[in-house]
Amino acid sequence: MGTTLAVARREFRSFFNSPVAYIVIGVFLVVAGWLYFSTLFVAGQASLRGFFSIAPVLFVVFAPAVTMRLLAEERKSGTLELLFSMPLRDWELVAGKFLAALGMVAVGLLWTLPYPLTVASLTAEGARFDWGPVVMGYLGLLLMASSFLALGLWASALSRNQIVGFIIGLLLCFAFYFIDKFAVVLPESVGELLQYLSVDYHFANIARGVLDTRDLLFYLSLTAVGLALTTRTLGNVRQ
Amino acid sequence: MIRIEGLTKSYGATQALRGVSFEVPRGQVVGLLGPNGAGKSTTMKILAGFVTPTSGTARVNGIDVSVDSVASRRLIGYLPENNPLYEEMMVRDFLDFVAEVRGIPRDRRAERIRSAVERCGLRSVLGKDIHQLSKGYRQRVGLAQAIVHDPDLLILDEPTTGLDPNQIVEIRGLIKELGREKTVILSTHILSEVQSTCSRVLIINDGRLVADDAPERLGSSEGGTVTVVLASRTGAPLRPEVVRPVLERVPGVTGVEPAEAEGSGTLGFRLRYGAEDIRRSLFEAAVSNELCLLEVKRQHVSLEETFRKLTGGEARNTQDENKPPLAA
């Protein structure tokens, strides 16, 4: 556990010591903030629903941006070999990188806390701001992020090139997000399956305010699959 | 300390190692010598525990590196080829990180890092970012991370590549010093490095171990050459066709070639010899044939010659395939 945290800490610090962090998080905040607030007053409702409806799509792009360099850069610069010579198991390395990535996303989301705080203060007289969906929404975002990050991490492990890592990660996240949108043109049974695989479907469930174990299980499984694939790929890279 | 038996490694169709076996006792400084692509790095990576061999075993202190690689890695300090480092980190932070990942208990970390910094002379650059350092200092950082946990075995892959002559001397000095208490195995294709830092040389070529001996002794059984300049004692003209058979008959001589003479009235020859020292017999032969030895110069087969002979081009390889390796 100690080694995993050491890797996570190093990666986290390295991320925030470089301009990448500020660019990625900055752009995310600008885009999310604009899209959300431009519809907020028109809708006239003091809720974060606008934010939670666009955040998932944004994550499809920003999660791979966070993960793209995590393993690709190590492969390219050769530092991965240095790590391999340490008493560090492959899965500990993967877990460390993943935790760092999750931490980075958490920091990004932390910077969106002004949104609910602002909107809460704008609630009309006599009405109460409902914090329930907000909390669930953030939880859903974190869960969704974790599965996207796991997929993006795997993509990063597949290549020495960060750009390739980004693109593959983007495609994977995109696939899992839009998978149920094609359900419309397919037979019902297939459509249901696709829906179950959709990241967006499960997020919408959670954002509604109920944490169903099926949704939780979905995200945890997808995360586990991503991390397992990453560990396996690393094992192959080692040879 | 190290025991390697029948190590083979194939990458698909290519065979990087074809059955390498050797043992290294504790405290020895061994040089792994060989042309690029011979299998030196592969051997070291297997030993370091992160590449699994196709067959054969590698043991460090009795621990099989494939079976329990985490345990074996704790005992080993590894400096990869090209010394990859985290460029954006400060030297101090980097060593902190390595110390942490290597599991050095918190209360001992500061002391161990200080010790590694002192030994590698890094005190003045602790606060600098690694990308700002010169190659020599970077190599020292690489060595520092390899020794921070005080391992018994150091595996150094081409530790002096790309350094200028001054830096090379410094790093070699450091390695020699470390070699006094630890077992060191380093790889290189620079022959002089092996001669100056190692007490034993293993020559690897094309995935096989072709020589295993002390650097001075290597090739000594191959003999060498003696270059002589002869003059006549009696003043009679020297005729090469007469002198040459005389030299050929000297016991121990395996070949005679003409060489540079020293002016009129003298003749020069180069004599090849095997294991025997031919100089005394040469003297006797000269005396009994009224010849004066103006110059006798002996040259052992150099390590370089031995290396080139053992690792020569394609044609040479297939010829030597059935020849038994030179052993200690």
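Modeller: A crossing of two helices is called left-handed if the near helix is turned anticlockwise from the far one by less than a right angle, and right-handed if the turn is clockwise. Please keep in mind, as we apply this, that the structure above is a predicted model.

Biologist: Which hand, left or right, does the crossing of H10(A) and H11(A) have?

Modeller: In general, two packed helices are described by the angle between their axes and the distance between those axes. Here helix H10 (residues 199-207) and helix H11 (residues 213-238), both of chain A, have axes that come within 10 Å and cross at roughly 140°. Because an angle over 145 degrees would be needed for roughly antiparallel, H10(A) is described as oblique to H11(A). Their crossing is left-handed.

Biologist: Which residues make the contact between H10(A) and H11(A)?

Modeller: From H10(A) come His202(A), Asn205(A) and Ile206(A), while H11(A) brings Asp215(A), Phe218(A) and Tyr219(A). Sorted by class, this contact of H10(A) with H11(A) holds 3 nonpolar, 2 polar and 1 charged residues.

Biologist: How many residues does the largest nonpolar core have, and which of them have the most contacts inside it?

Modeller: That core has 136 residues, and those with the most contacts inside it are Leu149(A), Leu153(A) and Ile155(B). Its largest share, 14 residues, comes from helix H7 (residues 131-157) of chain A. If neighbours within four places in sequence are left aside, Leu149(A) is in contact with Ala63(A), Val66(A), Thr67(A), Phe98(A), Ala101(A), Leu102(A) and Val105(A). There is also a second, separate core of 15 residues, which includes Val226(B), Val228(B), Val256(B) and Phe269(B).

Biologist: How many residues does each chain give to the contact between chain A and chain B?

Modeller: Chain A gives 21 residues and chain B gives 19 residues. On the side of chain A that touches chain B, helix H1 (2-17) and helix H4 (79-84) each supply at least two residues, and the largest share, 7 residues, comes from H1(A). By class, that side of chain A has 7 nonpolar, 10 polar and 4 charged residues.

Definitions and conventions: Residues are numbered from 1 along each chain as its sequence is written. Chains are lettered from A and ligands numbered from 1 in the order in which they are written. This is a predicted model: local features need pLDDT of at least 70, side-chain atom pairs count only at pLDDT 80 or more; totals for chains, interfaces and linings use all residues. A nonpolar core is a set of buried Ala, Val, Leu, Ile, Met, Phe, Trp, Tyr and Cys residues joined through C-beta atoms within 7 Å. A residue is buried if 20 or more other C-beta atoms lie within 10 Å of its own, exposed if 12 or fewer, and partly exposed in between; C-beta atoms are placed from the backbone. Helices (H or I, at least four residues) and strands (E, at least two) are DSSP runs, numbered from the N terminus. Two residues are in contact if their C-beta atoms, placed from the backbone, lie within 7 Å. Axes are lines fitted to C-alpha atoms, for helices over the stretch in contact, and angles run from 0 to 180 degrees between N-to-C directions. Angles under 35 degrees count as roughly parallel, over 145 as roughly antiparallel, 65 to 115 as roughly perpendicular and the rest as oblique. Ala, Val, Leu, Ile, Met, Phe, Trp, Tyr, Cys and Pro count as nonpolar, Asp, Glu, Lys and Arg as charged, and the others, Gly among them, as polar.
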